[in-house]
Amino acid sequence: RASRQHVAHPSLRSKDGDGDVDADADIVAPEKNPVAMNKLLQFGSNGRLLVGGAELPNDVLKPLALLLFSQFILFIGVGAVIPTIPLYGKEIGLSSAVNGLVISAPALPLLLLAKPFGEYADKARKPA
């Protein structure tokens with residue numbers, strides 16, 4: 001049997017608690033391990049958000065909250081509009097196939113432009 005290299009994740013502990021993971025143990029991604037996810041995002045004793053055990057400063061927390069709120073509003077809007085598009089399409093005489101094209105049309109530019117714009121964003125961003 002070929003040797004596998006394992007990287008010990010902090011949420012994975014051996015039975016003796018020393019942090020070493022058995023070579024044959026299955027590594028579970030943190031997003032699939034509720035214990036690891038609970039340790040990633042926590043609230044401190046003062047009610048402040050902790051990410052990975054570190055408190056987020058106000059200059060990061062406020063824009064993050066605004067971004068999350070705007071994403072929430074955006075997805076509520078999209079969720080309300082997408083189901084109604086076929087109804088309007090039928091009303092103006094579009095076939096089911098054309099309705100499907102109308103609904104899936106935004107996916108094509110997203111597919112084609114995500115990588116180039118992501119690379120541009122990586123190159124154009126300010127260094128940390």
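**A closer look**

Modeller: Happy to! F43 lies in strand β1, which covers residues 41-43; helices (H or I, at least four residues) and strands (E, at least two) are DSSP runs, numbered from the N terminus. Please keep in mind that this is a predicted model, where local features need pLDDT of at least 70 and side-chain atom pairs count only at pLDDT 80 or more, while totals for chains, interfaces and linings use all residues. Residues are numbered from 1 along each chain as its sequence is written, and side-chain values use heavy atoms, with hydrogens and water left out.

F43 has a relative accessibility of 64%, so it counts as exposed. The classes are: buried under 20% relative accessible area, exposed over 50%, and partly exposed in between, using a 1.4 Å probe and protein chains only. Leaving aside neighbours within four places in sequence, F43 is in contact (heavy atoms within 4.5 Å) with R48, L49 and L50. From F43 to G53 it is ten residues in sequence and 9.2 Å in space, C-alpha to C-alpha.

Now for the setting. The protein has five helices and three strands, in the order α-β-β-β-α-α-α-α from the N terminus. Of its 128 residues, 9% are buried. Among contacts between residues at least 6 apart in sequence, 4% join residues at least 24 apart. The protein exposes about 10,800 Å², and carbon and sulfur atoms supply 66% of that; such areas come from the Shrake-Rupley method with a 1.4 Å probe, and for residues only the protein chains shown count as cover.

With a relative accessible area of 36%, I82 is partly exposed. I82 and I103 are 21 residues apart in sequence, and their C-alpha atoms are 7.2 Å apart. Not counting residues up to four places away in sequence, N99 touches I85, P86, G89, K90 and L94.

Even so, α5 bends by about 45° at L113, with a proline, P116, following within four residues. The bend is the angle between axes fitted to the seven residues ending at a position and the seven starting there. α5 is hardly covered, as the count of buried residues among its 18 is zero.

The structure holds one salt bridge, meaning a side-chain nitrogen of Lys or Arg within 4 Å of a carboxyl oxygen of Asp or Glu. It joins K115 and E119, with the closest N and O atoms 2.7 Å apart. Both lie in α5 (residues 107-124), four residues apart, about one turn of the helix. K115 counts as exposed because its relative accessibility is 59%, while E119, at 38%, counts as partly exposed.

Finally, L108, L111, L112, L113, F117 and Y120 form a nonpolar patch on the surface, with about 700 Å² of accessible area together. Patches are made of residues with over 30% relative accessible area and no salt bridge, joining like charges within 9 Å and nonpolar side chains (Val, Leu, Ile, Met, Phe, Trp, Tyr) within 5 Å. Y120, one of the patch residues, lies in α5 and counts as exposed at 56% relative accessibility.
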